[in-house]
Amino acid sequence: GYEKAERNLTYYMLNNSEVVKLVMTSKPMFLNNEYKKLANKVIAYYNIHHNVSLADILTYLREDETLETLKKIMVLNLKEVDIKVINGYIERLKTRKNQKNIANLNEELIKNIDQNEKLKKLQEMIELKKEDDTYGK
């Protein structure tokens, strides 16, 4: 599910700078607070040091609330980074983000009286739906 994608993506971020860069450019949606906070800390570390090293991140998070989450994730011992798998996690989380945005736009559409605004919201929904269809291929 989504939580597994978040957890595994965070694991790979801790072990590979390329995964961090992918996450930074694709901006998937993390809902699990623990994974979101840890992913953000890893990105912050990467922005300062331009690489990730598990030992250095452990030191960086030594006194941080996310350290426990990091410890839980590190025991997973997942396989080597496979770009197809990583992209699958990212696509899954981005699709969820688009679905949430579509739902929000739909609510706004129902509430809105102005026809021009309605057309604008519909166009945004269509673009998000097209993006989701592209991910699925």
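The protein chain carries 24 positive and 21 negative side chains, and the centres of these two sets lie 2 Å apart. The structure described here is a predicted model.

In secondary structure, the protein chain has seven helices and zero strands.

The overall values for the protein chain are collected below.

| Property of the protein chain | Value |
|---|---|
| Box filled by the C-alpha atoms, along the principal axes | roughly 55 × 30 × 25 Å |
| Accessible surface | about 8,600 Å² |
| Part of the accessible surface belonging to carbon and sulfur atoms | 51% |
| Buried residues among the 137 residues | 37% |

Contacts between residues 24 or more positions apart make up 68% of those with a separation of 6 or more in the protein chain.

Attention now turns to the interior. In soluble globular proteins, nonpolar side chains tend to be buried together. In this model, the largest nonpolar core has 28 residues, and those with the most contacts inside it are L9, M13, L14, V42, I57 and L70. Two or more residues of this core are given by each of α1 (2-15), α2 (17-26), α3 (33-49), α5 (67-74) and α6 (83-111). The largest share, seven residues, comes from α3.

Which residues does L70 contact, leaving aside its neighbours within four places in sequence? L70 is in contact with L14, L38, I57, L58 and L61. There is also a second, separate core of five residues, among them I102, L105, M125 and L128.

Note on methods. Residues numbered from 1 in each chain as written. Predicted model: local features only at pLDDT ≥ 70, side-chain atom pairs only at ≥ 80, totals over all residues. Heavy atoms only, no water. Helix = DSSP H or I, 4+ residues; strand = E, 2+ residues; numbered from the N terminus. Buried < 20%, exposed > 50% of the residue type's maximum accessible area, 1.4 Å probe, protein only. Contact = heavy atoms within 4.5 Å. Areas by Shrake-Rupley, 256 points an atom, 1.4 Å probe, with all protein chains shown as cover. Lys, Arg positive; Asp, Glu negative; His and termini not counted. Charge placed at Lys NZ, Arg CZ, Asp CG, Glu CD. Core = buried A, V, L, I, M, F, W, Y, C linked by side-chain atoms within 4.5 Å.
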